[in-house]
Amino acid sequence: MRLQDETVAFKMGGVDAKPEDDVAEEVPSSIQRNLVVVGYALTSKKIKSFLKPKLEGLARNKGILFVAIDQNRPLSDQGPFDIVLHKLTGREWRQILEDYRRTHPDVTVLDPPDAIQHLHNRQSMLQCVADMNLSDSYGKVGVPRQLVIKKDASSIPNAVTKAGLMLPLVAKPLVADGSAKSHELSLAFDRHSLQKLEPPLVLQEFVNHGGVMFKVYIVGDAIKVVRRFSLPDVCKRELASNAGVLRFPRVSCAAASADDADLDPRVAELPPRPLLEKVAKELRRRLGLRLFNLDIIREYGKGDQYYVIDINYFPGYGKMPEYEHIFTDFLLNLVQSRYKKRSV
Ligand SMILES: Nc1ncnc2c1ncn2[C@@H]1O[C@H](COP(=O)(O)OP(=O)(O)O)[C@@H](O)[C@H]1O
Ligand SMILES: [Mg+2]
């Protein structure tokens, strides 16, 4: 059974997309070239999943040209670009981008490297959500109770007791840089086994959520939400009979879409749209990012309590329905609104 309204696209206030024909008229730099030039520095894996022929084709029709950045040549010698799209890691690259931003204030760098850096640590990543402390008539959005362990695994059982954290606990590497290692999560069922974990890590209370999570994709003002299968609930009986540490590498990458599954409606129901709008808008502002996604779960049996458990920069947009249209409109809007700002 295909549930109705399972993926939702909408805009959060802001500037609406202009019809593509209007764009060339309003952006002088693009009139001359008649193109919006987007330089990209992405891994080959990202190029394959994101820069698909459909996206490039649609972009071309709308006057957007994607140009690969050559990392072996100075960035300033390339282009001229209207936008630089990037997802590469490393201190050196960050420095190159920061210098480029300073010397090319007219180019939009998506997104600022230091803002992205914020998401590479699982503690700072969720701090904005915790600070937001969002609660309204549509629900509450928080972060599961968690504890950061920098070193010394033998101290974990006492630290957990002191912090009053309840088992089971999800252990996540503190560093979240997209490497295979950063996705090696485990579930610890008993206090004693906590010593087997390898710091630095974040220990997070496992929240039962009916085995389904929501991926909220954000591209500027646009949001789409999809369901994905997640870890199954752990009941009290299981907790009592299970011991040890269950390792689950790359669970998030393997999670299948749950959009077509025949699910309990209490589990399947998407988070209220106004609540997601608020969260996305607030996080966009606090994080200073325009391209990211959130993993959100709803506590089972507590209709309106939501938890953000993960935030990723420039996620796999290939899995976001209609991302080609959303992304190209977003790029055009960026150039347009920059021009409008300059001409005021
Ligand atoms: N606190 C939690 N409670 C319940 N399930 C969780 C929790 N944290 C993570 N998970 C499950 O583990 C998966 C991976 O966790 P996540 O923090 O998203 O790490 P990754 O960086 O590998 O995507 C999630 O998609 C979800 O299924
Ligand atoms: Mg995740």
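Around ligand 1 in this predicted model there are 19 residues, and those that come nearest are His-183, Val-207, Ser-230, Ser-252 and Asp-310. Sorted by class, the shell has 11 nonpolar residues, five polar and three charged.

Next, the record. In an unreviewed UniProt entry, the annotation "binding site" covers Lys-46, Lys-87, His-183, Lys-215, Asn-312 and Gly-316. His-183 was also named among the residues that come nearest to ligand 1.

I'll take two of the annotated lysines. Lys-46 sits in helix 3, residues 44–50. Lys-46 has 20 C-beta neighbours inside 10 Å, so it counts as buried. Lys-87 is in the loop between strand 4 and helix 5, the latter at 91–103. Lys-87 counts as partly exposed, because it has 18 C-beta neighbours inside 10 Å. Leaving aside residues up to four places away in sequence, Lys-87 touches Leu-42, Thr-43, Lys-46, Tyr-313 and Phe-314.

Four strands make an open sheet, ordered 3-2-4-5, with parallel pairing. Strand 3, at 64–68, and strand 5, at 108–110, are the edges; each has a single partner strand, and therefore one side of each has no neighbour in the sheet. On average, neighbouring strands here are turned by 25° against each other, direction ignored.

Strand 4, residues 83–86, runs parallel to strand 5, and three bridges join them. Within that pair, Ile-83 stands opposite Thr-108 of strand 5.

Definitions and conventions
Residues are numbered from 1 along each chain as its sequence is written. Chains are lettered from A and ligands numbered from 1 in the order in which they are written. This is a predicted model: local features need pLDDT of at least 70, side-chain atom pairs count only at pLDDT 80 or more; totals for chains, interfaces and linings use all residues. A residue is near a molecule or strand if its C-beta atom, placed from the backbone, lies within 6 Å of it. Ala, Val, Leu, Ile, Met, Phe, Trp, Tyr, Cys and Pro count as nonpolar, Asp, Glu, Lys and Arg as charged, and the others, Gly among them, as polar. Two strands pair if DSSP finds at least two bridges between them. Axes are lines fitted to C-alpha atoms, for helices over the stretch in contact, and angles run from 0 to 180 degrees between N-to-C directions. UniProt positions are given in the numbering used here, feature names are shortened, and annotations may be inferred rather than shown by experiment. A residue is buried if 20 or more other C-beta atoms lie within 10 Å of its own, exposed if 12 or fewer, and partly exposed in between; C-beta atoms are placed from the backbone. Two residues are in contact if their C-beta atoms, placed from the backbone, lie within 7 Å.
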